[in-house]
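Hello,

I am passing on the structure we talked about. Please look it over before reading my notes below.

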Amino acid sequence: MPNRKTHVLQKLYSLHNVELRQFLIQRVGIQEAADLLQETWLHFLRLADVEAVHAPRAFLYKTAANIATDYSRKKRPINFTESELEHDDMPCPFPTPESIADAHWQFERFTEVLQELPSRQQQAFIMNKMEGLTHAEIAIKIGISEKSVQRLIMKAFQHCIKQMAI
């Protein structure tokens, strides 16, 4: 006498096999559908407790859809253009040692230029450009008008641009 799991599986198979096959045919074509349908059922058979699946039809469809998607991804050819195949010409996604050294030098130069600014200009500029504070927030912290904050930042910005260009 067949066990309970076998009976449940036979019932599910007879109820959903034809519609699952049609579903897979629409997704991958008639030739591949049979193999993917078998893979779907095998996946379902591997479950430790088939009766624990609350919505077996939905589970089967989701499994079949996932298997079909995986199959389509594997089947899809990867076409490279001729220029992509010439990998020597492709840029490296990582910065070169020269660009790292240049960025480090620019940062050091920028900190030197900031040190040249009068204290209030430096403070307003850093609060705005590096800490992200608004002119109103800076005005409250420093104790001056928003217009004065705007002037300080503008003068600091102009100084930095001028000095960095040298």
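Predicted model: local features only at pLDDT ≥ 70, side-chain atom pairs only at ≥ 80, totals over all residues.

Salt bridges

The whole structure holds three salt bridges. One of them joins Arg57 to Glu19, with 2.7 Å between the closest N and O atoms. This pair links distant parts of the chain, since Arg57 belongs to helix H3 (residues 56-75) and Glu19 to helix H1 (residues 4-28), 38 residues apart. Arg57 is partly exposed at 43% relative accessible area, and Glu19 is partly exposed at 27%.

Asp70 and Arg73 form another salt bridge, at 3.7 Å from N to O. Both residues sit in helix H3, three residues apart, or about one turn of the helix. Asp70 is partly exposed at 38%, whereas Arg73 is exposed at 54%.

Arg109 and Glu112 also meet in a salt bridge, with an N to O distance of 3.6 Å. They are three residues apart in helix H5, and therefore about one helical turn separates them. Arg109 is buried, with a relative accessible area of 17%, while Glu112 is partly exposed at 45%.

Helices H5 and H8

The axes of H5 (residues 97-116) and H8 (residues 146-165) come within 10 Å and cross at roughly 135 degrees, so the two helices are oblique to each other. Their crossing is right-handed. On the H5 side the contact is made by Gln106, Arg109, Phe110, Val113, Leu114 and Glu116, and on the H8 side by His159, Cys160, Gln163 and Met164. Five of these contact residues are nonpolar, three polar and two charged.

Regards

Conventions:
Residues numbered from 1 in each chain as written. Heavy atoms only, no water. Axes fitted to C-alpha atoms, helices over the stretch in contact; angles between N-to-C directions. Helix = DSSP H or I, 4+ residues; strand = E, 2+ residues; numbered from the N terminus. Parallel < 35°, antiparallel > 145°, perpendicular 65-115°, else oblique. Left-handed = near helix turned anticlockwise from the far one by under 90°. Contact = heavy atoms within 4.5 Å. Nonpolar A, V, L, I, M, F, W, Y, C, P; charged D, E, K, R; others polar. Salt bridge = Lys/Arg side-chain N within 4 Å of Asp/Glu carboxyl O. Buried < 20%, exposed > 50% of the residue type's maximum accessible area, 1.4 Å probe, protein only.
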